[in-house]
Amino acid sequence: MEIRWLGHSAFALESDGVTVLVDPFLTGNPKAAVSADEVAADAILLTHGHADHVGDTVSIASRTGAPVVAITELAAELRGDLPDGHQVVDPNIGGTATFDWGSARLVPAWHTSTTPKGTVNTPAGLVIEIGGVRIYHLGDTALFSDLSLPGARDRIDVALVCVGGHFTMDPRDAVMAAELIRADRIVPCHYGTFPQIDVDVEAFKREVEAEGHAEVRVLDPGESLPC
Ligand code: NI
Ligand code: MN
């Protein structure tokens, strides 16, 4: 099992020949590690409907046939954009989508979301189980105390944590989030893509590790974390 950062909030979770994409914003992403017309996908999971998260979902799903998981209002919009009969799984917050490779559960995130087409949708985090590893992708969120709940329910192996500020929590809030999440390892994301979200990620790593909240693995776009 490997977690590959594709830049921004996009990740490829690779296990036993299965590739699960999260938030595949590649076209127009200055940090994209792969292109939308070459990336593999056996499933696509979305945290919310902002363009920097939905990204290339429709083109990748159409090319690969990969099922898409998104909260119900966003799922309904995507169903209309995908070929007839394409599998779109539409849980709400608290719901779980289950596949042969594992599962993804939607959990709360504190953010807003309207798609470019105008569909209002509630943002989510994702708790993903694949290859015996539990991954908590926080989506876009501010700091809030219920970030502790997924880790209170089940041990989190790796948390994918937005740290860039402006659109989400900033590094200082993310240090507090790290204490709440209680993951073994944290991979920071949603920073450095645009000038507004340039942050000192090494300082974030030092502070989280000095406080003993988690090991922080700073990845370069395209780099993989073996789990
Ligand atoms: Ni967003
Ligand atoms: Mn975003």
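Q: Which atoms coordinate the nickel ion (ligand 1)?
A: The model is predicted. In it, the donors to the nickel ion (ligand 1) are NE2 of His48, ND1 of His50, NE2 of His111 and OD of Asp140, at 2.2 Å. Donors have to lie within 2.8 Å of the metal, so these atoms qualify. Along the chain their spacing reads H-x1-H-x60-H-x28-D.

Q: Why is the site of the nickel ion (ligand 1) called irregular?
A: The angles among its 4 donor atoms run from 92 to 171 degrees. Water is not among the atoms, so a site may look incomplete.

Q: What coordinates both the nickel ion (ligand 1) and the manganese ion (ligand 2)?
A: Asp140 coordinates both ions, which are 3.2 Å apart.

Q: Is His48 buried or exposed, and how do you know?
A: The relative accessible area of His48 is 0%. Buried means under 20%, so His48 is buried.

Q: What makes His50 partly exposed?
A: His50 has 22% relative accessibility. The class lies between the cut-offs of 20% and 50%, so His50 counts as partly exposed.

Q: How do you know that the buried residues of α3 line one face of the helix?
A: In α3 (residues 72–81), the buried residues are Leu74, Ala75, Glu77 and Leu78. Viewed down the axis of α3, they fall within an arc of 160 degrees, so they line one face. Their cover includes α1 (51–54), α2 (57–64), β5 (68–69) and β6 (88–89).

Q: What puts the buried residues of α2 on the same side?
A: Thr57, Ile60 and Ala61 are buried in α2. Around the axis they cover an arc of only 95 degrees, which puts them on the same side of α2. An α-helix has 3.6 residues a turn, so residues three or four places apart point the same way. The buried residues of α2 pack against β3 (18–22), β4 (43–45), α1 and β5. Gly65 follows α2 and has a positive phi, near 80 degrees.

Key: Residues numbered from 1 in each chain as written. Chains lettered and ligands numbered in written order. Predicted model: local features only at pLDDT ≥ 70, side-chain atom pairs only at ≥ 80, totals over all residues. Heavy atoms only, no water. Buried < 20%, exposed > 50% of the residue type's maximum accessible area, 1.4 Å probe, protein only. Helix = DSSP H or I, 4+ residues; strand = E, 2+ residues; numbered from the N terminus. Arc of directions from axis to C-beta. Contact = heavy atoms within 4.5 Å. Tetrahedral: all angles 85-135°; square planar, octahedral: opposite > 155°, others 65-115°.
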